[in-house]
Amino acid sequence: MINLGQLSNYIEITDNTQTLLNVAMARINDVLGYDLEYQLRTEKIQSNKVNPIYISYRPLGKVVSVKINGIEQDVFKSDSRGIELVKTKRYDNCYCKGDRCYTYELEYYAGLGDDNISEAFIYDVANLIKDLESELSGDSNITNYKINDISYNFDKPNIASKISNIVFRWFWWILYLI
């Protein structure tokens, strides 16, 4: 996940930075619906015959195993969104009626690790931490600008909308899984 060393490129590290990083990531995880920490995931999907298989926890790291109706599949390829079966072992032992005939058992690593975090994502989280610091210090939510004789007042976006924007920008595909 993101560490203080990565954040130091964008913000000044203070005593509260680690706590605010934890808060920011916890709020992003809450909106996303799962923990972004890189870890082993298992997933069981009841579905009709599908290829590729889109996973629920992204981005996908390493695939450990793929089983269809209990039969291990060993020839597949993957990208950050899912697993594509290139050559399948016989698994057509399904005589059901309806559309949830196949059981896909997936085991894979997914989430954000040290090697797959975008600098732009770190920058967005650093800006979110700045806004959290500003909110805690009691700074005004209104920004004022004056050009010549004209004065402009803007409301700063609130924290919840910034978190939603980060989730939508980096994890937009989650909207299609709901």
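**View A. Arginine 81 and aspartate 79 meet in a salt bridge.** Their N-to-O separation is 3.4 Å. A salt bridge here is a side-chain nitrogen of Lys or Arg within 4 Å of a carboxyl oxygen of Asp or Glu. Arginine 81 has 37% relative accessibility, so it counts as partly exposed. Aspartate 79, at 35%, is also partly exposed. The classes follow relative accessible area: buried is under 20%, exposed is over 50%, and partly exposed lies in between (1.4 Å probe, protein chains only). The model is predicted: local features need pLDDT of at least 70, side-chain atom pairs count only at pLDDT 80 or more, and totals for chains, interfaces and linings use all residues. Residues are numbered from 1 along each chain as its sequence is written, and side-chain values use heavy atoms, with hydrogens and water left out.

**View B. Glutamate 84 forms a salt bridge with lysine 77.** The closest N and O atoms are 3.9 Å apart. Glutamate 84 is partly exposed, with 34% relative accessibility. Lysine 77 is partly exposed too, at 47%. A search of the whole structure gives 4 salt bridges.

**View C. Lysine 162 forms a salt bridge with aspartate 131.** Here the closest N and O atoms lie 2.5 Å apart. The pair links distant parts of the chain, 31 residues apart. Lysine 162 sits in helix α4 (residues 159-171), and aspartate 131 in helix α3 (residues 119-137). Helices are DSSP runs of H or I with at least four residues; strands are E runs with at least two; both are numbered from the N terminus. Lysine 162 is partly exposed at 26% relative accessibility. Aspartate 131 is partly exposed at 22%.

**View D. Threonine 103 lies in strand β7 (residues 102-110).** Is threonine 103 buried or exposed? Its relative accessibility is 14%, so it counts as buried. Its side chain makes a polar contact of 2.8 Å with the side chain of glutamine 46. A polar contact is a pair of N or O atoms within 3.5 Å; within protein, one must be able to donate a hydrogen and the other to accept it, and residues adjacent in sequence count only if both atoms are side-chain atoms. Leaving aside neighbours within four places in sequence, threonine 103 is in contact with Lys44, Ile45, Gln46, Lys67, Ile68 and Asn69. Contact means heavy atoms within 4.5 Å.

**View E. Strand β7 pairs with β1 and β3.** Two strands pair if DSSP finds at least two bridges between them. Strand β1 (residues 39-47) runs antiparallel to β7, with 9 bridges joining them. In this pairing, threonine 42 stands opposite glutamate 107 of β7. Strand β3 (residues 60-68) is also antiparallel to β7, joined by 6 bridges. Leucine 106 in β7 is the bridge partner of valine 66. In a regular strand, side chains alternate between the two faces of the sheet.

**View F. The whole chain, for context, has 5 helices and 9 strands.** From the N terminus, the elements run α-α-β-β-β-β-β-β-β-α-β-β-α-α. Buried residues make up 35% of the 178 residues. Among contacts between residues at least 6 apart in sequence, 68% join residues at least 24 apart. The chain exposes about 11,100 Å², and carbon and sulfur atoms supply 48% of that area. Accessible areas come from the Shrake-Rupley method with a 1.4 Å probe; for residues, only the protein chains shown count as cover.
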